[in-house]
Amino acid sequence: MAETETISTNPNLPRPPSISSDNTIHVASVPAGPGSEDDTPPLHAVNVALRWNGSKTMIWRVLATFWCALVMGSNDAAYGAIIPYLEVSYDKSYTIISLVFLSPFLGYTVSAVVSNLIHQRFGRRGVAFIGPACHLLAFAVISSNPPFPVLVIMYIFVGLGSGIQNAGWNVWISSLANSHEVLGCFHGFYGVGATVSPLIATTLITKAGWHWNSCYYLLMGAAALELVNATSAFWTETGSKYRQDNPSSPGSNGSRSPNQTRLSLTYRVTWICAIFLFLYGGCEVAIGGWIVVFMTSIRHGTPFASGMAETGFWLGITLGRFILGFVSPRIGERLSIIVYIVLAIVLELIFWLVPKFIVSAVAVALVGFFLGTIFPGVVVVATRMLPKHLHVAAIGFAAAFSMGGGAVFPFMIGAIAQAKGVAVLQPILLAMLAVALMIWGTLLRAPLHQSQHQV
């Protein structure tokens, strides 16, 4: 298999091993009897996950996904830096401007439906091409300073591209050895992009006098590199190869139901993770999207200093993903998420109740630090609690919910802020974190899926 080595503990003599083009060793057990050609792993087989640095091809592919994450993070964090300038440029209210948060939700929803189909038809090559192509198209049009309705439509394509890649790369990386650490780095690169993007955008707009849309020339170049690099790295990962490597269930001879998403929704863990990530994604993007406005109007910071507060938030997320990704497996993924949410709630209270610019800036950076590693932790937990053949469909659905939360809640906050003021940001965030904590608590005693064992 392209993703795991299957080693049988059958006492009979094994077949000679074969080595694929990506240096994966295939060791299959002897047929049960003369003429038997059933290659289905026996129940006592052990799956040994591939290592990210097991070959030059694997290193290239992992680094290509890291760059994809960096581009996604750069786009998502750019909202917060350009929102004040969109309001002036298009002469729209908070509610109307907030459509740029809401419109990607349609793209995320479509991605949840088509992600598994793309894997089946085109394999990971399709993910590597379609996702970056959507980004490149959207960024090229946005950089031309289009009319506002066109801007909103282009963000739908941004959501589609990000949703397809989020499902594909999270599931692929979660199949590797040391998956939590590698996922932490993957999401850490998302944080790198999210940290650098508002810093560059704020500097270019406030110091160099660039128009807001000019920043998208840089994103367009990053998306072009994303398209070429990812497609080249995963070119051999075709649909037929994916179907061969990922049969729907033992004994199915590679057959696969066309309704994988529907089947994954029959598992309670899929819904729990999806609703939890809906709230989590809403918190993350709402803070990143509205922190500049909050720090300017409520904490009375300068535009540049407020932009740096957003940079601090995304820097906290980045460091949390790189650092806590190595801590969480030692605490236990499910328990560690509880601890991180509680700490984030305490820091949110400080952010809300201490009306000092510097205190708020430090508190929001620490909120980012503890929230940072939650998404990869949820992915690891979900893949351990669900059958392998449902991973793409279930994670795609949950990731789309996360991005949906990142679209719906910032829009909702913008609509409420139009009537009540942006100070409503903090109590809404606290309520969202509290509900997310209660939802995640229902998974603490749920059993892990035991059909496979990965080491």
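This is a predicted model: local features need pLDDT of at least 70, side-chain atom pairs count only at pLDDT 80 or more; totals for chains, interfaces and linings use all residues.
Let me begin with a term: a crossing of two helices is called left-handed if the near helix is turned anticlockwise from the far one by less than a right angle, and right-handed if clockwise.

The crossing of α10 with α16 is left-handed. Helix α10 covers residues 268-297 and helix α16 covers residues 425-441, and the two pack at an angle of about 160° with their axes 9 Å apart. Since angles over 145 degrees count as roughly antiparallel, α10 is therefore roughly antiparallel to α16. On the α10 side the contact includes Ile 272, Phe 276, Leu 279, Gly 282, Trp 290 and Phe 294, while α16 contributes, among others, Leu 425, Gln 426, Leu 429, Met 432 and Trp 440. Sorted by class, the residues of this contact come to 18 nonpolar and two polar, with no charged residue.

Helix α10 also packs with helix α13, residues 357-371, at an angle of about 160°, and here the axes lie 12 Å apart. That angle makes α10 roughly antiparallel to α13, and this crossing, too, is left-handed. From α10 the residues involved are Tyr 280, Ile 287, Ile 291 and Met 295, and they meet Phe 357, Ser 360, Ala 361, Val 364, Val 367 and Leu 371 of α13. The division by class is nine nonpolar, one polar and no charged.

Leu 324, Val 327, Ser 328, Pro 329 and Ile 331 in α11 meet Glu 333, Leu 335, Ser 336 and Tyr 340 in α12, a set made up of six nonpolar, two polar and one charged residues.

Finally, how far apart are the end C-alpha atoms of helix α4, residues 104-142? They are only 14 Å apart, although a straight helix of its 39 residues, at 1.5 Å a residue, would reach 57 Å. Along α4 there is a kink of about 120°, and that kink is centred on Phe 122.

Notes: Residues are numbered from 1 along each chain as its sequence is written. Side-chain values use heavy atoms; hydrogens and water are left out. Axes are lines fitted to C-alpha atoms, for helices over the stretch in contact, and angles run from 0 to 180 degrees between N-to-C directions. Helices (H or I, at least four residues) and strands (E, at least two) are DSSP runs, numbered from the N terminus. Angles under 35 degrees count as roughly parallel, over 145 as roughly antiparallel, 65 to 115 as roughly perpendicular and the rest as oblique. Contact means heavy atoms within 4.5 Å. Ala, Val, Leu, Ile, Met, Phe, Trp, Tyr, Cys and Pro count as nonpolar, Asp, Glu, Lys and Arg as charged, and the others, Gly among them, as polar. The expected span of a helix is 1.5 Å times one less than its number of residues. The bend at a residue is the angle between axes fitted to the seven residues ending there and the seven starting there.
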